[in-house]
Amino acid sequence: MDPNGSGDENSESKIYIGNLDLRITEAALIKMFSPFGKIVTEDFLWHTRGRKRGEPRGFAFIQYSSKEEAKLAKEKMHGRLACGRPLVVRVSSEKYAVEAAENSSKGAGKATKTSFSGSSSGQTSRSSKIAAIKNKLKALEEEGFSAKKQKQTDTSLQ
């Protein structure tokens with residue numbers, strides 16, 4: 001084991017940001033995530049081949065100086081809308097843990113890390129749908145949905 005714990009610390013202080021709208025730039029991404037801590041590195045991924053060469057791939061990684069900053073960014077930004085799309089934010093070490101659990105539960109012989117560009121696109125789509133539903137529910141509650149429900153409950157108790 002590394003006496004400084006830098007291997008674990010790096011994965012715990014690094015976040016994955018997915019479902020990015022193609023209009024979001026590196027500068028905008030840094031501006032959105034800098035309030036949560038000191039950004040050590042930022043990897044904004046681009047297509048390197050084919051028709052989409054030079055276009056953003058729709059996801060990025062940001063590494064903070066501590067795991068606490070990364071967790072705060074995840075808590076505050078996961079599901080938040082950016083250009084009309086809910087962001088998917090995970091601590092990188094959690095992403096691998098989720099995939100490993102899914103692979104072992106499916107009876108897959110291998111427990112390898114899956115690349116973010118490959119098979120996770122379906123997961124990102126599913127996660128973004130879940131985040132959108134959660135955001136909609138939250139918006140309904142803020143608009144007084146819960147107040148109406150409470151009023152109905154009060155009248156039925158009388």
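Colleague: How many salt bridges does a search of the whole structure find?

Modeller: The search finds three salt bridges, the term being used for a side-chain nitrogen of Lys or Arg within 4 Å of a carboxyl oxygen of Asp or Glu. This is a predicted model, in which local features need pLDDT of at least 70, side-chain atom pairs count only at pLDDT 80 or more, and totals for chains, interfaces and linings use all residues. Residues are numbered from 1 along each chain as its sequence is written, and side-chain values use heavy atoms, with hydrogens and water left out.

Colleague: What makes Lys67 and Glu12 a salt bridge?

Modeller: Their side chains meet at 3.4 Å, N to O, and the definition asks for a nitrogen within 4 Å of a carboxyl oxygen, so the term applies. The pair links distant parts of the chain, 55 residues apart: Lys67 is in helix 3 (residues 67-77) and Glu12 in helix 1 (residues 6-12). Helices here are DSSP runs of H or I with at least four residues, and strands are E runs of at least two, numbered from the N terminus.

Colleague: Why is Asp21 called buried, and why is Arg23 called exposed?

Modeller: Buried means under 20% relative accessible area, exposed over 50%, and partly exposed in between (1.4 Å probe, protein chains only). Asp21 has 12% relative accessibility and therefore counts as buried, whereas Arg23 has 59% and is therefore exposed. The side chains of Arg23 and Asp21 meet in a salt bridge at 2.8 Å, N to O.

Colleague: Why does Lys67 count as partly exposed?

Modeller: Its relative accessibility is 27%, so Lys67 counts as partly exposed.
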